[in-house]
Amino acid sequence: MIKELSELGKKIRTQNNSRKFIHNALKEEPVTIDLVINEDGSFHSYNTFEKKMTTAETITAKKGKARLLLDKAEEVLGYGGESSKKKHQLYLDKIEQYKNLKELKPVLFFYKQNKINGVDKALSEFENAIPEKERKGNIAFRVLNRDKRIHEEANVFQSIIEYYEKTQKMLLSKTRKKCSICNTDEYPVVDEPHGMIKKVPEGQSSGSALVSYNKNAFESYELKGNNNSAICTNCAKTYVEGLNWLLSAGPRVLSKKGKEYTAYTNRKNFGPDTAMVFWARENAQVNEVGLLDKPDPREIANLVDSVAQGNNRNTQYLKTDQFYSCTLSGSAARISVRDWIETSLVDFRKNIAKWFQDIAIDYFDFDSKKCQPHYSRLYDLARSCQNEKEDKEITLSRIAGHLWNCALKNNPPPIWILTSVLKRARSDKKGVTPERAALIKLILNRNNKGGIFMVQEKMSQESVRPVAYICGQIFAKLESIQFAAHGDLNAGIREKYFTYSMTLPSSAFGRLFNLNSKHFTKLKGEKPGLAIVLDKELQALCKDIKIEEFPATFSLEEQGQFAIGYYHQKIFRFNKPDLKKITQEQEAQDE
Ligand SMILES: [Zn+2]
């Protein structure tokens with residue numbers, strides 16, 4: 001995973017024109033305050049502005065380090081009293097390293113010869129000049145009337161690079177250790193923290209570490225620190241850049257409410273603590289991922305078609321590309337990798353097509369008055385297992401993470417998700433929604449190891465169907481008879497008997513049939529035509545199962561089949577354009 005992230009980081013360096021990569025020793029950093037001084041080092045003024053990016057020395061961790069000529073007030077001015085003393089000294093030591101540069105002369109005056117008019121004055125003016133909430137920004141030096149900040153001078157860059165390379169060479173001569181990522185000893189493997197990963201959900205704002213060894217538990221076989229993972233300084237930088245890019249890439253756009261946000265191109269957020277990032281090695285666009293979010297029936301049909309055709313063709317001439325995805329959760333300073341997926345782009349496309357075939361379920365579209373396949377968003381499938389009243393956000397992101405893996409790798413979802421979704425289908429007012437039916441279908445079919453009955457998109461017309469499926473259908477029919485007789489009841493048979501029938505069918509259906517004869521008698525008196533049609537349909541269903549065949553209990557899988565049978569039958573009720581006609585004819589005859 002680190003290797004692929006590092007490869008991605010290298011690619012971005014060559015592609016990203018807006019922030020051109022110069023050298024490992026330099027990095028883009030924000031700046032919000034200019035400290036303007038005169039040539040003689042005396043303080044002139046502060047100038048604050050909206051955050052800008054500037055190129056400056058790379059430092060891998062903030063702790064125990066100071067950046068040349070670009071840092072916070074604690075380092076630059078010793079602001080904050082006793083506690084900042086150490087930081088300020090680190091900063092001064094860094095300047096001392098570069099004291100021979102002529103560009104730094106005014107700064108040296110500022111701290112030394114002209115101290116009273118320089119740094120002392122700047123410190124005493126600091127609180128007056130800078131509002132409190134802006135005091136945490138990075139401060140840069142600028143000589144009055146000069147275009148560039150001092151740290152942006154070409155000569156300063158050159159010296160930073162030279163110093164960096166000298167240090168690398170020295171480290172290299174000491175260690176000569178092969179990097180486990182690039183497999184060369186071109187760059188040294190050193191015991192220092194890799195850069196920080198930003199924008200990880202629930203991570204700290206200054207960033208979290210993907211690889212860290214500040215605890216003894218990470219040290220084994222007497223290997224200390226970074227020697228445990230053996231990642232060279234170059235690979236450490238490139239993987240951090242790659243992952244940071246994945247987490248933040250995307251255009252800034254305006255929401256409907258006029259709020260600006262980043263439309264991430266390579267990241268999906270699932271729940272509050274989890275994000276998935278994904279990319280293709282050749283950096284090809286992977287539009288199929290977007291379909292998981294916004295399923296478009298026409299595009300899905302195109303994808304399924306093209307995958308089917310691709311199967312028949314000789315695929316060896318197709319450009320092979322790899323698809324990668326990792327699922328990350330933050331916990332303050334550390335990142336946990338929940339999942340790592342690596343697959344060929346060809347397989348990835350096949351799997352996405354298969355995903356949509358597996359989650360497709362008929363639903364009745366009231367606008368077009370037609371039954372058509374429904375494709376749920378992945379996130380909605382996960383959410384259909386969630387109790388909206390309780391705070392189950394974490395469960396939501398766990399389930400979404402599993403489904404993401406199932407979609408990309410064509411894996412079967414864990415069976416415990418079936419327990420969650422059935423629980424919601426039983427207790428929630430909305431019952432078996434298209435999302436829940438789709439999720440149940442997916443779980444049942446993908447976990448069906450050589451079983452015979454595969455749940456279809458449409459209602460099964462076969463005479464041999466599982467008993468549980470038929471029971472679900474019968475339940476739906478009993479419900480429509482009740483509805484026809486009594487209209488919408490606050491607590492109808494679904495509210496009272498759905499769970500009962502699903503778990504203890506034999507005794508539940510005994511009662512349901514008793515109840516039904518009462519509903520039927522009432523209906524026959526009021527709408528005899530409709531009563532006959534519905535009863536015929538009920539009898540047709542009951543003919544496939546003998547009353548003594550109702551089992552005492554249903555297994556978890558059978559409960560799933562029950563829910564699907566119920567859902568299919570219910571949808572089917574709407575999808576009979578001739579039902580109205582039949583009842584009208586029947587009623588005309590009766591009169
Ligand atoms: Zn390396």
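Me: How many aromatic pairs does the predicted model contain?

Reply: Rings of Phe, Tyr and Trp pair if their centres lie within 6.5 Å. By this rule, the number of aromatic pairs is 28.

Me: Is the pair of F475 and Y566 stacked, tilted or edge-to-face?

Reply: The ring centres of F475 and Y566 are 5.9 Å apart, and the angle between the planes is 65 degrees. Planes over 60 degrees apart count as edge-to-face. The pair of F475 and Y566 is therefore edge-to-face.

Me: How many residues apart in sequence are the parts that F475 and Y566 tie together?

Reply: F475 belongs to helix α15 (residues 467-486), whereas Y566 belongs to helix α19 (residues 556-574). Because the two residues lie in these helices, their pair ties together parts whose separation in sequence, in residues, is 91.

Me: Is Y566 buried or exposed?

Reply: Buried means under 20% relative accessible area. The relative accessibility of Y566 is 2%, so the residue counts as buried. For Y566 the term is buried.

Me: Which residue of β10 is the bridge partner of F323?

Reply: Strand β9 (residues 322-331) pairs with strand β10 (residues 334-344) in the antiparallel sense over 10 bridges. The two strands form a hairpin with 2 residues between them, and A332 in the turn has a positive phi of about 50 degrees. F323 also belongs to an aromatic cluster with F270, F278, F348, Y379 and W404. In β10, its bridge partner is T343.

Me: Which strands are the edge strands of the open sheet of 4 strands?

Reply: The order of this sheet is β2-β1-β4-β3, with mixed pairing. An edge strand here pairs on one side only. The edge strands are β2 (43-57) and β3 (70-71).

Me: At about what angle does helix α5 run to β2?

Reply: Helix α5 covers residues 119-129. The helix lies across β1 (26-37), β2 and β4. To β2, helix α5 runs at about 85 degrees.

Me: How far is the charged end of R267 from the ring centre of Y264?

Reply: A charge sits over a ring if CZ of Arg is within 6 Å of the ring centre and within 35 degrees of the ring normal. The charged end of R267 sits over the ring of Y264, and its distance from the centre is 4.8 Å.

Terms used. Residues are numbered from 1 along each chain as its sequence is written. This is a predicted model: local features need pLDDT of at least 70, side-chain atom pairs count only at pLDDT 80 or more; totals for chains, interfaces and linings use all residues. Side-chain values use heavy atoms; hydrogens and water are left out. Two strands pair if DSSP finds at least two bridges between them. Rings of Phe, Tyr and Trp (its six-membered ring) pair if their centres lie within 6.5 Å; planes under 30 degrees apart count as stacked, over 60 as edge-to-face and the rest as tilted. Buried means under 20% relative accessible area, exposed over 50%, partly exposed in between (1.4 Å probe, protein chains only). Contact means heavy atoms within 4.5 Å. Axes are lines fitted to C-alpha atoms, for helices over the stretch in contact, and angles run from 0 to 180 degrees between N-to-C directions.
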